[in-house]
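Hi everyone, thanks for coming along. Please have the sequence and the 3D view open, and let's walk through them together.

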Amino acid sequence: MSVLFVTGINSSYFEIIMEDQNKLLNEVTQRDYRFGFVSDIETDTIVKGLNEEVIRIISAKKDEPEFMLEFRLKAYRRWLTMKMPEWAQLKVPEIDYQDIIFYAAPTQQAKYESLNEVDPELLRTFEKLGIPLEEQKMLSGVAVDAVIDSVSVKTTFKETLAERGIIFCSFSEAVKHHPDLIQKYLGMAVPINDNYFAALNSAVFSDGSFVYIPKGTRCPMELSTYFRINAQNTGQFERTLIIADDDSYVSYLEGCTAPMRDENQLHAAVVEIIALNRAEVKYSTVQNWYPGDKNGKGGIFNFVTKRGICMGIASKIFWNQVETGSAITWKYPSCVLMGDNSVAEFNSVALTNNYQQADTGTKMIHIGKNTKSTIVSKGISAGHSSNSYRGLVRVAAKAENARNYSQCDSLLLGDSCGAHTFPYIEVGNSSSIIEHEATTSKIGEDQIFYCNQRGISTEDAIGMIVNGYAREVINKLPMEFAVEAQKLLQISLEGSVG
Amino acid sequence: MADVLEKISAVQRISGLLDNNLSKIEEGLPAWVNQIRQPALKAFQRMGIPGFRTENYKYTDLTRLFGNENFRRAYVPDDFEVDLSEVFSCDVPEFDTHLILVVNGWYDEKSNRNTTYPDGVVVKSFRRAMIENSDLVMNYYAKLAPVNEDPLTALNTMFSQDGVFIHIPDHVHISKPLQIINILRSEDDLYVTQRNLIIAGKNSQVKLMICDHTLMPQQFINNNLTEIQLGQDAVADIYSIQNQHNKTASLSGIYVHQEQGSQLVTNAITLHGGIIRNNLKVLLDGEYASAKICGLALSDKNQHVDNYTNIEHIKPNCESNQLYKNILDDNSTGGFTGRIHVLPYAVKTAAYQRNNNVLLTNAARMNTKPQLVIDNDDVKCSHGATVGRINDEALFYLQARGINEKEARLMLMFAFAHEVLAEVKIEKLRDVIDKLVNKRLRGEVSKCHSCAMDCIR
């Protein structure tokens, strides 16, 4: 969307708008974090700090087989040789890895048979979040694998899924029951030496979700995991692995929140997706970790590595994301299009407010013939925030007829924020067609004026315009998420236009 | 690891060259010029030889070029017997220019001495300007192009001795274009440093052409830096035509500082060359200043052409517009980095950028990196980049009308290139460049018909 600034409108009217906007801006910036509360659940943590001993303890606590410990130690040793990347358009305060608790699990780890057995405090937490497990179970048919502080608490609908041979469980369970699959696919999309945070995650990850869709199976419902950081001083390192076998389909959802904390908390997750022949994986996420207060104090450092591999012929991977939280977001969901005729899409809305910083985007690596990728990135920055799109489209010499279309729009709300675009396009094949376009603009006074004229208040007008702006991406989200995402955007942005 | 060792040694070797030849380099130049050499050296040592690890040089690795060279440096001008300006006498009607000849980075006093300029316009050797016009030159020298931003700039400042100085006084419109011809001519492999300064006064107008040529088959590295100051309401058109042989490395930097209401047009046409890197930095430092920046590169064989632009919008109400195109054949590689930076107070900015590329073979490679860095909300900014092939439908359309495929392809490529050429405002020059590009696309040696040498006049 390109918003034109039109001059020549009555200047006194402008002042009124500006005044209104400043007032609204203040209201929004003074808004408290909606999910800021601490659940009083007993957590089982280990001592602060990171060394080989800590990794051995994590592995032992989780009762892991030998190959997992090897994997972790190898990653840790590799991590020690790596340096924190500095290329992103981010100001990251130094992170003291010895001051972080690398493992925090809710106690009472017994496997619950029914919801009644679940810690009532935990259930109340979910209710506050608006994610009542029971209701969801009955009404929406969404199977939820809730991960609190990195350990999976409850997986619903497991039996229904098991009938079709679909495996949807916590990562630790998968390590116990399906070690062959884990051994084969873990680290395939994101190798341990991929980057600093991927190496860290590989060394210390506590839990996450595991999905396997067998050949020719269409997953009958959307699979969903809910992550939440609860305990203090803890880092969350979850690991998600999704494998879609030949001719299968799955839509997977991930949502995140974290309660309000003064100090910064670290989150370094890894998500790997493997799509085999003609398989289709749709991955959607709404990220709403605590972004820090309006002075930029506290908040989550979100350093995430997500990558999918279109391994087979005509496989498809779709990344859909709505990013509204975290003090710092560093996230590039990527696709390697290896199989011929494979398709990848990346749709993103990233919103930053106050002192949030986001450096997010995607990588599309075209290797197979006739591969197609689409990138739609919508950045919205407000307050003093900084929002960057950083993306790479690479076409290998043998990727005949590769096709990419990228569109990166930035919307600026307020005069102290920044919007940046850093696309990298590397093309080595003459039959490919690669297009990239980007625009940066603010909401035009003329648009607001148009709405006002028709009796729509400035606040509603801004809501409408922002929603329209993000609509293209939100429409790609599954129904449940689309509603939540839309609400999130509205809460975050009501009137915050300058 | 070997790579790292090589890098360090090249930096050391080049630093050594400065130390060992300091008296020759500094001789006769005022102290304020020589004082900047040491800070430049420090900056260069800090940044090192730019390679793929340097973000701004990600797609142009110069470590090998500098690692292997041990070229002669011309610390004093080479003595030539032939008056080169004779060679260039040509008779294109109604297209004449004030000719300024530069040989191996040195202003050619011999051939330039007979040229006179109207209305107080000063064109002289940069060396003489540094001595004779100290007061004026020191305001701009190494200030428009600070040494700590770019390693090639630091390198140039370390070794700078001569080049061209042009001063257009306030309110002077010079109607006849100025033409700088840079000639590389040496019996052995040569490393050339050239430094130019162009000052266009208040409300002045100037058109400038810069042609780069190699006359000998030896290897050359040409590190050419131009600082340009545009005063209030000044209008400057700068066209450069790079037509060198494939063993030449041309590393050029242009730094422009624009004041209120000034207008800049640049157009860089690259026809031939080995490794070409063009850096262009424009500071829009006055309200209502505008810059139109274009470039076209046609490359084949193992050529490498990388255009880097950095447009800084500092003041409100400025406009910038960039258009770069590449056509890449054989094993050639192309790079483009276009950066638009809008500072917090530069409201009402309009900044556009477009980069279109055509790959003709699978061995050719194009890397493009358009960037927007926007720190304020009252802007209209966009960029677009495409890499693709000749449009099949257009090709079919032409073939259906009886034009054979080869000719149809050429027509389409020419049309693609012409969008950039159309920005050349000197009509005669545009026609000449049109012809050169046409011939270049046909694979013929691009020589201007009416000239003895392959230059355009």
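Let's begin with strand β18 of chain B, residues 349-359, which runs parallel to strand β16 of chain B, with 10 bridges joining the two. Strands here are DSSP runs of E at least two residues long, helices are runs of H or I at least four residues long, and both are numbered from the N terminus. Two strands count as paired if DSSP finds at least two bridges between them. To find your place in this pair, look for E319(B), which stands opposite A350(B) in β18(B).

Before we go on, a word about what you are looking at: it is a predicted model, where local features need pLDDT of at least 70 and side-chain atom pairs count only at pLDDT 80 or more, while totals for chains, interfaces and linings use all residues. Residues are numbered from 1 along each chain as its sequence is written, and chains are lettered from A and ligands numbered from 1 in the order in which they are written.

Back to β16(B). Which other strand pairs with β16(B) in the parallel sense? That is strand β14 of chain B, residues 290-299, again over 10 bridges. Here L298(B) has I327(B) in β16(B) as its bridge partner. And is β16(B) mostly covered or mostly open? Strand β16(B) spans residues 319-328, and eight of its 10 residues are buried. Buried means that 20 or more other C-beta atoms lie within 10 Å of the residue's own; with 12 or fewer a residue is exposed, in between it is partly exposed, and the C-beta atoms are placed from the backbone. One thing to keep in mind as you look along any strand: in a regular strand the side chains alternate between the two faces of the sheet.

Now let's see where the chains meet. On the chain B side 31 residues are in contact with 36 residues of chain A. Contact means that the C-beta atoms of two residues, placed from the backbone, lie within 7 Å. Strands β19 (365-374) and β20 (379-388) of chain B each supply at least two residues of the side that touches chain A. That side of chain B has 12 nonpolar, 11 polar and eight charged residues. For these classes, Ala, Val, Leu, Ile, Met, Phe, Trp, Tyr, Cys and Pro are nonpolar, Asp, Glu, Lys and Arg are charged, and the others, Gly among them, are polar.

Next, helices. In chain B, helix α12 (residues 405-421) and helix α13 (residues 427-441) pack at an angle of about 145°, with their axes 10 Å apart. The axes are lines fitted to C-alpha atoms, for helices over the stretch in contact, and angles run from 0 to 180 degrees between N-to-C directions. Where they meet, α12(B) brings residues including L410(B), M413(B) and F414(B), and α13(B) brings residues including I433(B), V437(B) and L441(B). By class, this contact has eight nonpolar, one polar and two charged residues.

Chain A has a helix pair to look at as well: α2 (residues 52-61) and α3 (residues 66-80) pack at about 155°, with axes 10 Å apart. That angle makes α2(A) roughly antiparallel to α3(A); the cut-offs are under 35 degrees for roughly parallel, over 145 for roughly antiparallel, 65 to 115 for roughly perpendicular, and oblique for the rest. Among the residues that meet are I55(A) and R56(A) in α2(A), and L69(A) and Y76(A) in α3(A). This contact has five nonpolar, one polar and three charged residues.

Let's finish with some loops. Most residues other than glycine have a negative phi, and most peptide bonds are trans. N104(B), in the loop between β2 and β3 of chain B, has a positive phi near 50°. D119(B), in the loop between α7 and β4 of chain B, also has a positive phi, near 55°. Which of these is buried, and which is exposed? N104(B) counts as buried because it has 24 C-beta neighbours inside 10 Å, whereas D119(B) is exposed, with 11 other C-beta atoms within 10 Å.
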